[in-house]
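Reader: I have a chain to look at and a few questions about it. Can we go through them one by one?

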Amino acid sequence: MTGTTRASSTPASWARATAAGDPLPEHVDVLVVGAGLSGVGMAARLLRDFPGRTLAVVEARHAMGGTWDLFRYPGVRSDSDMFTLGYADRPWRDRRSIAPGEAIRDYVRDTADESGVADVVRYGHRVVSADWSSAEALWTVTVDVEAADRAEADARVDDRAATVDATDRPGPAAPRRVTVTCGVLVACSGYYRYDEGYTPVFTGQDDFTGRVVHPQHWPDDLDVTGRRVVVIGSGATAITLVPALAERAEHVTMLQRSPTYVLSLPSRRRRPRLWRRLLPVGIDDALTRWRSIGMALLSYQASRRSPARMKAFLRSGVERRLPEGFDVDRHFQPSYDPWDQRLCITPDGALFAALRAGTASIVTDGVERFVPEGVRVEGRDGQEARVVPADVVVTATGLNLLLFGGMRLSVDGAPVDPATKLTYKGFMLADVPNFAFAIGYTNASWTLKIDLVGRYLSRLLRHMDRRGWRWAAPSSPTREGRTMPLIDLSSGYVARGRHLLPRQGVRAPWRMHQNYPRDVLSMRFSSLTRDGMRFGR
Ligand SMILES: Cc1cc2nc3c(=O)[nH]c(=O)nc-3n(C[C@H](O)[C@H](O)[C@H](O)COP(=O)(O)OP(=O)(O)OC[C@H]3O[C@@H](n4cnc5c(N)ncnc54)[C@H](O)[C@@H]3O)c2cc1C
Ligand SMILES: NC(=O)c1ccc[n+]([C@@H]2O[C@H](COP(=O)([O-])OP(=O)(O)OC[C@H]3O[C@@H](n4cnc5c(N)ncnc54)[C@H](OP(=O)(O)O)[C@@H]3O)[C@@H](O)[C@H]2O)c1
């Protein structure tokens, strides 16, 4: 990693000498953007693999954990198993294979504490832009620094909003702008906007006398006990929320415009058999992990190769869990094939249990408009237009995609438009040096891919160290051929943001394989020099 080290006053042991409140230095060898699951995992690996180098993590929010800190709605949990959503180097040993958001947040924080990452995170640091200089082989990164008390000040303003005239309110302090240079820039900034979820405008929303909430900003004071709740949507958010809300609410209606495939899975790992208990813990971890990888891969491959069989399998799972006469075709039979969109899971059949108990129901219809007493539906497919009564409406309508946390990239002053770039092995952009990003799998746990990206980056940096290279960049293929968006699901949130996504090609190394074992070969054991990577000093 010769190129990432700059003759500077920054101590080589900065990672260990620094404390979380210290200012960001002027230069670090590696800058990681984001302290979520990916950023913490990536930073932990790089700190361990390159103990003599300087590394900082800049995090826009004032908390660690990303997704698992932001989302606080009732029942928030993983929808892939924790044995693969957890890090390969710090196995998830809890018996819960589907874990609540809070447990995942704690796991990320504990990992950061144990690995020393907690000391190198700078909170309230939002990266705005980054420019690569070929002459210096350095990124110059512009960061907006927001004081920790600003979030509290904003909250106080909100509390007072009802009683204080807007002109009297103290305006939030403007962020301070700083720059930092780094040899390698790693964007672990997730894939969606943190400040707002996707909220379509429904006609008549202001007429509604109840409360409308978006799951991304769940209010602390919302108590649904004894109230009628309508959840609009049937993505993973709705499938999670409905049974959780049904535990308290008078009734929950999941109002879906179109159905989703829903699969019940056990929330806990089965008790290990005797021989398992006799195995060393590391082997048990590996077996559990590979079993999960195998199951997910099998389900995905079976869906792609025999969609009709998979549809029948999923349908029979639903039918078995619902009372006779339930209209499975209407409410659980999507028009697309399994895995054209992410499959939703309901741990231990919680959604079906709520439907059986009558605490929840499903309406499959379009929203016509909001009315004072609830939501009026269109009355599609021979149904009657009618009002679904509600005291609370939850718009579980999804996310807004955002790439690289909104940071603008440029190379020698020329703006980089990611949407026109090909991705290399799903983690670098063609012709953009010393820049990596963390986008995980859509058909398996996110972290599986991020672990491979971390390993590859370590290999690449070691190689550069040995040869004295200061930069590495994948060079654009001479013939591009057909290209596709990086994420090729048909889900609404992907369709809405497709124009922002970088492209992938049809063959290696420009293809993002949604296939972990294949990526293990391509990322861990492939040649670093033969796959179109250019190096320079
Ligand atoms: C509710 C929900 C549930 C999910 N469940 C699963 C699941 O069960 N399994 C699965 O595989 N995937 C799941 N996903 C996908 C999920 O996002 C990933 O699994 C994973 O948590 C992403 O981690 P990350 O660190 O890459 O991104 P994030 O968790 O989004 O963290 C990104 C961090 O970067 C920071 N950041 C962003 N922009 C900037 C900037 N410009 N400057 C500085 N900091 C910045 C953010 O503040 C944030 O802390 C889920 C997604 C959601 C929304
Ligand atoms: N761990 C978890 O359990 C978990 C929880 C939440 C989210 N996630 C992840 O986060 C991502 C987003 O999930 P999500 O459920 O929030 O969003 P989503 O998958 O995009 O689902 C949004 C839902 O809202 C509906 N919708 C959107 N606009 C609408 C409108 N105008 N009128 C009526 N319905 C409308 C969509 O209907 P159509 O299908 O008809 O478009 C869909 O059912 C996914 O990657 C998911 O895996 C995971």
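Author: Start with a definition. Two residues are in contact if their C-beta atoms, placed from the backbone, lie within 7 Å. Keep in mind that this model is predicted.

Reader: How many residues of domain 1 are in contact with domain 2?

Author: Domain 1 covers 11–194 + 400–528, and domain 2 covers 212–395. Their centres, taken over C-alpha atoms, are 29 Å apart. On the domain 2 side, 29 residues take part in the contact. On the domain 1 side, the number is 25.

Reader: Which helix or strand gives the most to the shell around ligand 1?

Author: The shell has 31 residues, and Gly34, Gly36, Gly66, Gly190 and Gly405 come nearest. By class, 13 are nonpolar, 14 polar and four charged. Strand E2 (55–59), strand E4 (125–133) and helix H2 (37–49) each supply at least two. The top giver, with three residues, is H2.

Reader: Which residue of E14 stands opposite valine 371?

Author: E13 pairs with strand E14 (residues 374–377) in the antiparallel sense. Four bridges join the two strands. Opposite valine 371 stands glycine 374.

Note on methods. Residues are numbered from 1 along each chain as its sequence is written. Chains are lettered from A and ligands numbered from 1 in the order in which they are written. This is a predicted model: local features need pLDDT of at least 70, side-chain atom pairs count only at pLDDT 80 or more; totals for chains, interfaces and linings use all residues. Domain bounds come from an automatic or database domain assignment. A residue is near a molecule or strand if its C-beta atom, placed from the backbone, lies within 6 Å of it. Ala, Val, Leu, Ile, Met, Phe, Trp, Tyr, Cys and Pro count as nonpolar, Asp, Glu, Lys and Arg as charged, and the others, Gly among them, as polar. Two strands pair if DSSP finds at least two bridges between them.
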